[in-house]
Amino acid sequence: MTRRNFFAKTGVTGLAGFLAQSATAEELNSQQNSKTNPEPTNSSQQFSPGEPGRDYTPVITPNGTALPYKVIDGVKIFHLIAEEVNHEFAPGLRAQCWGFNGRVHGPTIEAVEGDELRIYVTNKLPESTSIHWHGVLVPNGMDGVGGLNQKPIEPGETYKYEFPLRQHGTYMYHSHTDDMTQIALGMMGMFIIHPRHPSGPRPDRDFVLMSSEWRIDVGTSRPVPTEMTDFNVLTFNGRAFPGTAALVAKSGDRVKIRFGNLSPMEHHPIHLHGYYWKVVEMDGLSVPETAQQPGSTVLVAVGQTRAVEFIADNPGDWAMHCHMTHHTMNQMGHNAANLIGVRTNGLDKKVGKFLQGYMTMGESGMAGMGEMVMPAPPNSIPMLGAPGKHGYIDMGGMFTILKVRDNLTTYDNPGWYENPPGTLASLASQDEMQRDLGG
Ligand SMILES: [Cu+2]
């Protein structure tokens with residue numbers, strides 16, 4: 001559905017409603033790369049991971065990008081710039097965060113086992129910082145814990161980290177000075193090391209998804225670093241559904257998904273519909289084939305990485321999300337009264353005379369709350385969802401869609417799945433109910 005006929009159908013053009021400011025999930029999936037992902041600010045790039053001649057399948061960072069590098073005297077040179085970033089979590093919600101090279105989270109560092117790295121870190125923040133290479137085996141003085149392993153990088157300074165890559169796998173990087181503030185504001189990214197001598201089949205699609213969580217009070221634009229329990233924006237790669245880009249694969253592809261979690265406080269059981277996978281990496285270490293746990297949900301605790309693999313042999317639009325239900329919601333107050341089953345007939349109308357836009361929470365469940373056209377506080381995203389092919393999708397937060405199709409010619413977003421005849425849940429007829437359920 002295009003934006004034009006979406007607005008024509010729902011008639012909300014010009015309304016100050018949630019819907020008026022949001023595109024369909026499909027549109028977001030197809031547009032957001034160009035809208036929200038500016039090229040990195042590093043202008044000295046000469047190479048990008050995945051160029052012809054690279055002996056690996058480059059990873060895909062949905063809603064993100066890889067950090068460019070150049071090679072000087074055989075050393076791969078990267079440059080991370082820690083800086084404030086005005087970041088969009090989903091259309092309608094932006095906040096002043098801290099990230100790298102104009103991004104939240106930072107770009108994915110991608111290199112190969114055996115590489116010699118030199119990573120410059122420039123601090124453009126108002127306070128000191130330092131960067132830890134999470135899970136990467138480095139000399140002690142390169143480990144990045146401010147005060148313990150190095151002097152903090154003061155505002156305006158540039159430090160260099162140098163180390164060889166002695167391993168391969170899925171790792172992360174993050175601030176390790178004033179961690180509570182800097183991680184809560186977004187200073188993290190993924191660090192992927194490809195094997196020098198790959199064994200086993202190479203993935204056709206190799207995705208990277210980093211989980212995080214934020215407290216951003218409605219109408220404000222600064223994440224709250226002191227929050228310990230009540231996070232209201234849950235993200236994959238810094239984006240909340242419907243702002244998350246779909247993962248696209250074609251039938252028969254070997255798909256690898258690398259999960260990392262640097263949420264301040266919470267673990268995330270990530271669940272994929274339509275498939276089971278095998279866990280092939282734990283904290284970057286390859287799991288021997290005979291020990292690879294099968295499943296469709298993998299718990300990714302804070303500080304952990306997990307990588308899973310499966311063959312994309314079941315076409316469709318498959319949900320993939322954290323299974324904690326409060327982690328697939330956008331901004332809401334968690335202290336609302338429980339009114340499910342309470343008859344509040346007419347209450348909204350009566351109170352609405354005095355309080356414009358008043359709405360009772362969930363008399364008959366909360367589905368549809370995101371769909372209602374109600375005045376939105378400035379800079380906030382609805383609690384749930386986006387329009388989908390078959391109606392409104394009551395999901396938000398740490399939710400995305402795996403799109404698998406036969407005969408794809410590109411990996412651009414293919415739109416919504418066309419269900420083959422006889423494979424779509426539908427309203428039961430009276431005759432069918434009489435036949436199968438009896439009188
Ligand atoms: Cu979660």
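The model is predicted. The protein chain contains 5 helices and 23 strands. Of its 439 residues, 42% count as buried.

**Chain as a whole**
- Among the contacts in the protein chain with a separation of 6 or more, 74% are between residues 24 or more positions apart.

**Five-strand sheet**
- An open sheet of 5 strands runs in the order E12-E23-E20-E14-E18, and its pairing is mixed.
- Strand E12 (247-250) and strand E18 (297-300) are the edge strands, each pairing on one side only.
- On average, neighbouring strands of this sheet are turned by 20° against each other, with direction ignored.

**Four-strand sheet**
- Another open sheet consists of 4 strands in the order E4-E9-E8-E6, with mixed pairing.
- Its edges are formed by strand E4 (109-112) and strand E6 (131-134), each of which pairs on one side only.
- Strand E4 is joined to strand E9 (residues 188-194) by 4 bridges, and the two strands run parallel.
- Ala111 faces Ile193, a residue of E9.

Terms used: Residues numbered from 1 in each chain as written. Predicted model: local features only at pLDDT ≥ 70, side-chain atom pairs only at ≥ 80, totals over all residues. Buried ≥ 20, exposed ≤ 12 C-beta atoms within 10 Å, placed from the backbone. Contact = placed C-beta atoms within 7 Å. Pairing = 2+ DSSP bridges. Axes fitted to C-alpha atoms, helices over the stretch in contact; angles between N-to-C directions.
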